[in-house]
Amino acid sequence: MLEQNRAPKSRGFYVRMKLQNSKHGRPQDKSSFYTYCKWVLWLSLTLYFFSSYLISNRPNQNKPTTSLSKTHFSTLPSRALFESVIDNTTTALLKNKELFKGLKVFVYDLPAKYNMDWLSNDRCRTHLFAAEVAIHRAILTSDFLTSDPSQADFFFVPVYVSCNFSTVNGFPAIGHARTLVASAVQLIRTRYPFWDRNQGSDHVFVATHDFGSCFHTMENVAIADGVPDFLKKSIVLQTFGVKHKHPCQEVENVVIPPYVSPESVRKTLENAPADGRRDIFAFFRGKMEVHPKNVSGRYYSKRVRTNIWRKYNGDRRFYLQRRRFKGYQSEIVRSVFCLCPLGWAPWSPRLVESVALGCVPVIIADGIRLPFDDVVPWSEISLTVAEKDVGKLGTILEHVASTNLSAIQKNIWDPRVRRALLFHDRVQPGDATWQVLSALENKLARSYRRGSVSSE
């Protein structure tokens with residue numbers, strides 16, 4: 001059955017701004033710029049939401065009931081204006097030393113075999129696991145980087161384990177991952193003193209594949225292997241997350257979004273229908289097995305995708321495709337609802353692509369933990385359908401289309417939501433790497449430096 005939406009979190013997305021005070025409690029002159037920025041930002045936000053309210057609530061006695069053939073939503077001009085305001089008033093905050101409580105990150109300069117050598121394959125920068133590359137690059141060019149390890153709160157270990165693509169099927173093969181990461185840790189311990197002083201509890205790794213820090217693509221093997229002992233006291237940024245107890249979460253972790261190229265999103269939006277019309281009611285393109293039991297004896301997607309195909313293939317409301325198509329984002333931007341069923345793991349890049357392209361994600365993955373769920377209002381921008389209820393999808397989506405669809409679409413087009421789920425080469429206020437830094441700020445108690453300072 002369709003889960004009830006949680007009440008909106010009051011915290012939402014925000015940009016931290018802290019004005020420094022002088023010894024006498026009066027603002028310093030240099031803080032006037034930030035005060036000005038703050039008021040411009042909030043005035044702009046107020047005008048934006050007020051104008052949006054007037055437009056969306058304009059009386060119309062002849063307004064027809066929702067029609068599936070006419071279901072669409074487009075606020076591209078307003079979205080662009082709003083995003084421009086955010087850019088102009090918050091970029092300066094990157095220079096504010098008080099952001100994230102002055103957090104600093106030291107990045108280990110590892111031999112090329114751990115990272116740069118893998119970039120010889122261009123896919124390494126752009127495939128769904130490429131957050132490990134994007135976060136590394138963004139931190140290296142940010143004001144949060146420190147070249148002095150004695151001033152670091154956290155130590156980033158840049159090991160790319162997802163770029164070893166199979167020559168058979170082209171998918172990432174991660175059988176080497178544990179050995180590669182273990183080798184990097186041993187090298188760090190040999191060359192630097194920082195790991196052994198607290199067993200690596202202030203060290204940060206990225207694990208962007210199916211079951212994160214368990215480093216395996218099949219859940220039964222991942223569970224049996226568990227998190228490597230040498231990682232269990234560190235911090236892992238991983239795409240895998242569930243709400244229940246799971247061996248692959250037995251480490252301090254932050255659930256991050258899979259990588260979706262912001263450039264591909266921009267190009268798709270530029271080429272989208274000018275009127276914003278969405279002529280596809282429900283969309284899914286991807287692996288849907290007619291016979292889901294594979295050679296391992298396990299059922300792909302817990303049969304969910306198979307059941308969707310069997311039930312709705314031929315239903316004119318559903319556009320289902322089993323073959324790959326490089327331009328599938330052009331189909332997402334034309335769709336009202338985008339199905340996001342589990343595969344082997346509960347997460348998929350469709351979650352990010354759907355939100356970024358204005359399609360309502362329909363999440364079918366019981367117990368999934370969604371990325372940055374403390375700042376992204378998932379309950380207001382998506383639908384959650386239980387795996388056992390996929391046979392009722394048609395009825396559920398029809399009901400939403402005739403009731404609160406426009407409200408969900410308006411929430412999705414808030415540019416702050418899209419920004420929070422996309423990684424960029426350089427840190428941008430509110431983007432996915434920014435959210436990672438915000439999450440690390442909440443873990444400053446693990447910083448050896450902070451602990452040393454407070455004990456002096």
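Ser201 sits in the loop between helix H5 (177–191) and strand S3 (203–207). The model is predicted. Ser201 counts as buried, at 14% relative accessibility. Beyond residues up to four places away in sequence, Ser201 touches Lys233, Ser234, Ile235 and Arg446.

**Asp425**
- Asp425 lies in the loop between helix H14 (415–420) and helix H15 (432–441).
- Asp425 is partly exposed, with a relative accessible area of 44%.
- Leaving out residues up to four places away in sequence, Asp425 touches Arg137, Ala138 and Thr141.
- Leu140 is 285 residues from Asp425 in sequence, yet their C-alpha atoms are 9.4 Å apart.

**Disulfides**
- The whole structure holds 3 disulfides.
- With the bonded cysteines numbered in sequence order, the pairing reads 1-2, 3-4, 5-6.
- Cys124 is joined to Cys163, with an S to S distance of 1.8 Å. The link is right-handed, with 75 degrees about the S-S bond. Cys124 is in helix H3 and Cys163 in the loop between strand S2 (154–156) and H5, 39 residues apart. Cys124 is buried at 0% relative accessible area, and Cys163 is buried at 4%.
- Cys214 is joined to Cys248 at 2.2 Å, S to S. This link is left-handed, at -115 degrees about the S-S bond. Cys214 lies in the loop between S3 and helix H6 (219–225), and Cys248 in the loop between strand S4 (235–238) and strand S5 (252–255), so the pair ties together parts 34 residues apart in sequence. Cys214 is buried, with a relative accessible area of 0%; Cys248 is also buried, at 0%.
- Cys338 is joined to Cys359 at 2.2 Å, S to S. The torsion about the S-S bond is about 115 degrees, so this disulfide is right-handed. The pair links strand S8 to the loop between H10 and strand S9 (360–364), 21 residues apart.

**Cys340**
- The closest cysteine sulfur to that of Cys340 is in Cys338, 6.6 Å away, which is too far for a bond.
- Cys340 is buried, with a relative accessible area of 2%.

**Largest pocket**
- The largest pocket has a volume of about 1,800 Å³.
- Its lining has 47 residues; Leu128, Phe171, Arg324, Tyr328 and Pro349 lie nearest the centre.
- Elements giving two or more residues to the lining include helix H3 (123–126), helix H7 (262–270), strand S6 (280–285) and strand S8 (335–341).
- The lining residues divide into 21 nonpolar, 14 polar and 12 charged.

Conventions:
Residues are numbered from 1 along each chain as its sequence is written. This is a predicted model: local features need pLDDT of at least 70, side-chain atom pairs count only at pLDDT 80 or more; totals for chains, interfaces and linings use all residues. Side-chain values use heavy atoms; hydrogens and water are left out. Helices (H or I, at least four residues) and strands (E, at least two) are DSSP runs, numbered from the N terminus. Buried means under 20% relative accessible area, exposed over 50%, partly exposed in between (1.4 Å probe, protein chains only). Contact means heavy atoms within 4.5 Å. On a 1 Å grid over the protein atoms alone, a cavity is a set of points where a 1.4 Å probe fits but cannot get out, and a pocket is an open set with protein on both sides within 12 Å along at least five of seven lines; lining residues have an atom within 4 Å of a point. Grid points are joined across faces, edges and corners, and a volume is the space filled by probe spheres set on the points. Ala, Val, Leu, Ile, Met, Phe, Trp, Tyr, Cys and Pro count as nonpolar, Asp, Glu, Lys and Arg as charged, and the others, Gly among them, as polar. A disulfide is a pair of cysteine sulfur atoms within 2.5 Å.
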